[in-house]
Amino acid sequence: MGDEELLAALAAQPLFRRLDPEELAWVAARVKVKTLAPGEELFIEGEMFPAYFILRSGRLALLRIDADGIERLVRHVQPGEGIGAHSLFLNDPRDVTALAITPVDGWLLEKSEFDALLAERPDLIHRLDLPPDVEARLRSPRFGWLEPDEQVLAAIHRHWFSLIPVLLPPLVLLLVFIVLTTFLVAELGWWPALFLNGIPLILLGAQIWNWWDDQYILTTRRIVHIERERWLYIFPGPETRQDMPLDQIQEVQILRRTPLASPYLFDFGDIEVEAFSGRIAFSNLPQPDEIRRLIYEQIDRLRALQQARQRYRLQQELRHRLGLIPTPSEAAPDASAEPSPPGLLGRLWLVLKAGARYLFPPLRETVGDRIIYRKHWVALIRSIGWGPPAATGLWLAVWLLHALHVWPIDRIEPGIRLGALILSGLLLGVWWWWRYENWRNDEYILTSSQLILSQRLPALMREETQTANLARIQSVEYTIPSILARLLNYGHVVVRVPGGDFHLRYVGSPRQVQQEITRRMEAYRRRLQEEEAARQRRHVVDTIAAYDRLRFGPPGLRGRPEAPPS
């Protein structure tokens, strides 16, 4: 009876209504029974709960804390109803809290079990009736720089109206070529005429390609602007990316710079985003009112989720402090055995490894919680210039003349010649070493709270250090300046901070550097917010705990009769 009831409940769900009995049995085999006591939460707003729940019996209330911190009843879940279809496909935190009003009995399908079923039977995904917003999110593009829990809400190109100024020159050129070749086709022939007309067509297609390469991407966590250029209109050229975290946005304004941009005509405009430490403009976006609505909607959602997390953590601390639930015990750290000292071969290997690391330092290195970036080899080659190679070539030529006793070198005493060559070789070696060490000493250091730009001259002659707190960073941009930079995977990263920008020049893998700085910047800001929220929670908990002690007495003496006065 239980299996038949579960199959009937699954068949009644909109998500599974297209499945036949055999497919429903596959899903039912992955389902677990879930019970809740009154007052127990199935899941908490703001927390991850990747599962689909079908209520069999009892009353389950869905509650939501809005951006202002007010908790409201959304609705009650009816027996036979399922909740959490989004969680089976998207890595989003819950938007509501599911609270049991009475004893609750139901069935739970966890995402891990459902993913395993889809991996065994991949055709099953086409039989599901997905919610339209889930299907749209699954069709949205995926980028390599997205975080695991980050989803693309909109990927937008500039409005086609912005193409008109750049398409006019090749269109005029095409018209001129058509007129000319019409009169000259008898003399030139059809193939030269088609070739001449193809030139403006190629330019026309290249301009459209450049327009298509520029993207504005709104995700659940940030706004991203990616702009690419084409070398000779065809080959990949410079590339720039700019990020703006949503939690830093204060205001979004729309500017329509021409009557043609009116919502009743072509409906496009510029969006200016006001952040805590600056302003960024995104130009010629279609339907800017809808984009602004999406931005504000996601900002309110992030704030609501943050309010919900803080409310839940406050409740947990109060429960621990008032003795309603036991305090979780901390596990004792494992004592790790000290490594034994290396032997002779081990020490020799360490020396060789240190020498190789000095000669070929890694462009990216992790030391503890720090990430150290060094300039690409291209920066070393550019800094050397023509002086050291030309001097080295001249020195080798003179050495060869010395070895062959060629005139006029043979007219100088051999000892003087050898001494001059050795001395000049030493000076040349110092020159090469200075250039190499000057390149090697420049480091960009990313810690959990700071970005440090360190520039040192060799022999401890001078050191310059710039430091930026990650909480003050407005945005992080990268630029790949040329096709050579794309092939060799290097570029420049610009960190926008109030009072001046930080330039990380000639870093390897600039996309990765920009992503790591952004990730640590967001993590540091979240940590600061959590520390401030924890201080506020402790203040509230201490106040309530003091009231509880005054009202009901110490926890160990509650309920005991008071001793008679002596």
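**Strands, helices and loops**

Me: How many bridges join E19 to E20?
Reply: E19 and E20 run antiparallel, and strands here are DSSP runs of E of at least two residues, whereas helices are runs of H or I of at least four, both numbered from the N terminus. The number of bridges joining E19 to E20 is 7.

Me: What kind of model is this?
Reply: Residues are numbered from 1 along each chain as its sequence is written, and side-chain values use heavy atoms, with hydrogens and water left out. Local features need pLDDT of at least 70, side-chain atom pairs count only at pLDDT 80 or more, and totals for chains, interfaces and linings use all residues, since this is a predicted model.

Me: Which strands lie at the edges of the open sheet?
Reply: The open sheet has 5 strands in the order E16-E17-E18-E19-E20, with antiparallel pairing, where two strands pair if DSSP finds at least two bridges between them. The twist averages 20 degrees from one strand to the next. Each edge strand pairs on one side only, and these are strand E16 (364-367) and strand E20 (463-469).

Me: How are H9 and H11 oriented to each other, oblique or roughly perpendicular?
Reply: The axes of helix H9 (residues 377-384) and helix H11 (residues 414-440) come within 10 Å and cross at roughly 140 degrees, the axes being lines fitted to C-alpha atoms over the stretch in contact and the angles running from 0 to 180 degrees between N-to-C directions. Angles under 35 degrees count as roughly parallel, over 145 as roughly antiparallel, 65 to 115 as roughly perpendicular and the rest as oblique. H9 and H11 are therefore oblique.

Me: How many nonpolar residues does the contact of H9 with H11 have?
Reply: Contact means heavy atoms within 4.5 Å, and Ala, Val, Leu, Ile, Met, Phe, Trp, Tyr, Cys and Pro count as nonpolar, Asp, Glu, Lys and Arg as charged, and the others, Gly among them, as polar. H9 and H11 meet through Trp-377, Ala-379, Leu-380, Ser-383 and Ile-384 of H9 and Trp-432, Arg-435, Tyr-436 and Trp-439 of H11. By class the contact has 1 charged residue and 1 polar residue, while the number of nonpolar residues is 7.

Me: How many charged residues does the contact of H8 with H11 have?
Reply: The axes of helix H8 (residues 344-359) and H11 come within 11 Å and cross at roughly 90 degrees, so that H8 is roughly perpendicular to H11. Arg-357, Tyr-358 and Leu-359 of H8 make the contact with Trp-433, Tyr-436, Glu-437 and Arg-440 of H11. By class there are 4 nonpolar residues and no polar ones, and the number of charged residues is 3.

Me: Is Ile-291 buried or exposed?
Reply: Ile-291 has its place in helix H7 (residues 288-321), and its C-alpha atom is separated by 8.7 Å from that of Ile-271, 20 residues apart along the chain. Leaving aside neighbours within four places in sequence, Ile-291 is in contact with Ile-156, Ile-271, Leu-285 and Pro-286. Buried means under 20% relative accessible area, exposed over 50% and partly exposed in between, with a 1.4 Å probe and protein chains only. At a relative accessible area of 9%, Ile-291 is therefore buried.

Me: Where does Gln-287 lie?
Reply: Phi of Gln-287 is near 50 degrees, a positive value in a residue other than glycine. At 47% relative accessibility, Gln-287 counts as partly exposed. Its place is the loop between strand E15 (278-286) and H7.

Me: How many residues of strand E21 are buried?
Reply: E21 pairs with strand E22 (residues 490-497) in the antiparallel sense over 5 bridges, and Tyr-478 stands opposite Val-493 in E22. Strand E21 (residues 475-480) is mostly covered, and of its 6 residues the number buried is 5.
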